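Please read them beside the structure.

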Amino acid sequence: MDYEIIRLTDRPEIKERAARWFHEKWGIPLTSYLDSMEACLTEKAPVPQWYAAVESGRIIGGLGVIEHDFHARKDLAPNVCAVYTEEDCRGRGIAGALLRFACADMKARGIDTLYLITDHTSFYERYGWELFCMAQGDGEPGLSRLYIHREP
């Protein structure tokens, strides 16, 4: 593994760079990421949390854990969000490593069940996620897959 997975809480100096990176990948307003990351850094609650895979100083992957993602099932929380790996780094297990790291870290923070909404099929199952239900994504015409992960 040539990259390192870090918690934003361990490297707060990357907050602005990480927020810009997530914003560029997902198109969510930069201020939304900055606000969530600032809440993460206050460490008043276990959620939100943010994680990045970094290689040679470059963010090559990342994800967050937030209370509610963009779906109608607000009773299912917290949610893994914004999972992304740079295209030139895919196929190296980075997303899987990030998912395992985040799930273990959240369990250490007292949260053993996480949710995730996606249109991907068969990817998350490789990492112990199970299809929980179909859910309406905010502004989406159809249903998306909502997964659950329980950390043993």
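How much space lies in the largest cavity? The largest cavity holds about 40 Å³.

The model is predicted: local features need pLDDT of at least 70, side-chain atom pairs count only at pLDDT 80 or more, and totals for chains, interfaces and linings use all residues. Residues are numbered from 1 along each chain as its sequence is written, and side-chain values use heavy atoms, with hydrogens and water left out.

1. Cavity. On a 1 Å grid over the protein atoms alone, a cavity is a set of points where a 1.4 Å probe fits but cannot get out, and lining residues have an atom within 4 Å of a point. Grid points are joined across faces, edges and corners, and a volume is the space filled by probe spheres set on the points. The count comes to one cavity of 30 Å³ or more. Its lining consists of Ile6, Arg7, Leu8, Ile14, Ala18, Phe22, Trp50, Tyr51 and Ala52.

2. Sources of the cavity lining. Helices (H or I, at least four residues) and strands (E, at least two) are DSSP runs, numbered from the N terminus. Strand S1 (4–7), helix H1 and strand S2 (49–55) each supply at least two residues of the cavity lining, and S2 gives the most, with three. By class, the lining has eight nonpolar, no polar and one charged residue; Ala, Val, Leu, Ile, Met, Phe, Trp, Tyr, Cys and Pro count as nonpolar, Asp, Glu, Lys and Arg as charged, and the others, Gly among them, as polar.

3. Pocket. A pocket is an open set of grid points with protein on both sides within 12 Å along at least five of seven lines. The largest pocket has a volume of about 1000 Å³. Of the 38 residues that line this pocket, Trp26, Ala82, Val83, Ile117 and Thr118 are the closest to its centre. Two or more lining residues come from each of helix H2 (30–42), strand S4 (79–85), helix H3 (94–108), strand S5 (113–118) and strand S7 (143–150). S4 gives the most to the pocket lining, with six residues. The lining divides into 21 nonpolar, eleven polar and six charged residues.

4. H1 and H2. The axes of H1 (residues 15–26) and H2 come within 9 Å and cross at roughly 140°. Axes are lines fitted to C-alpha atoms, for helices over the stretch in contact, and angles run from 0 to 180 degrees between N-to-C directions. H1 and H2 are therefore oblique to each other; angles under 35 degrees count as roughly parallel, over 145 as roughly antiparallel, 65 to 115 as roughly perpendicular and the rest as oblique. In their contact (heavy atoms within 4.5 Å), residues of H1 including Phe22 and Trp26 meet residues of H2 including Leu30 and Leu34.

5. Backbone. The peptide bond from valine 47 to proline 48 is cis, with omega near 10°, and proline 48 lies in the loop between H2 and S2. A cis bond also joins alanine 77 to proline 78, with omega near -5°; proline 78 is in the loop between strand S3 (58–66) and S4.
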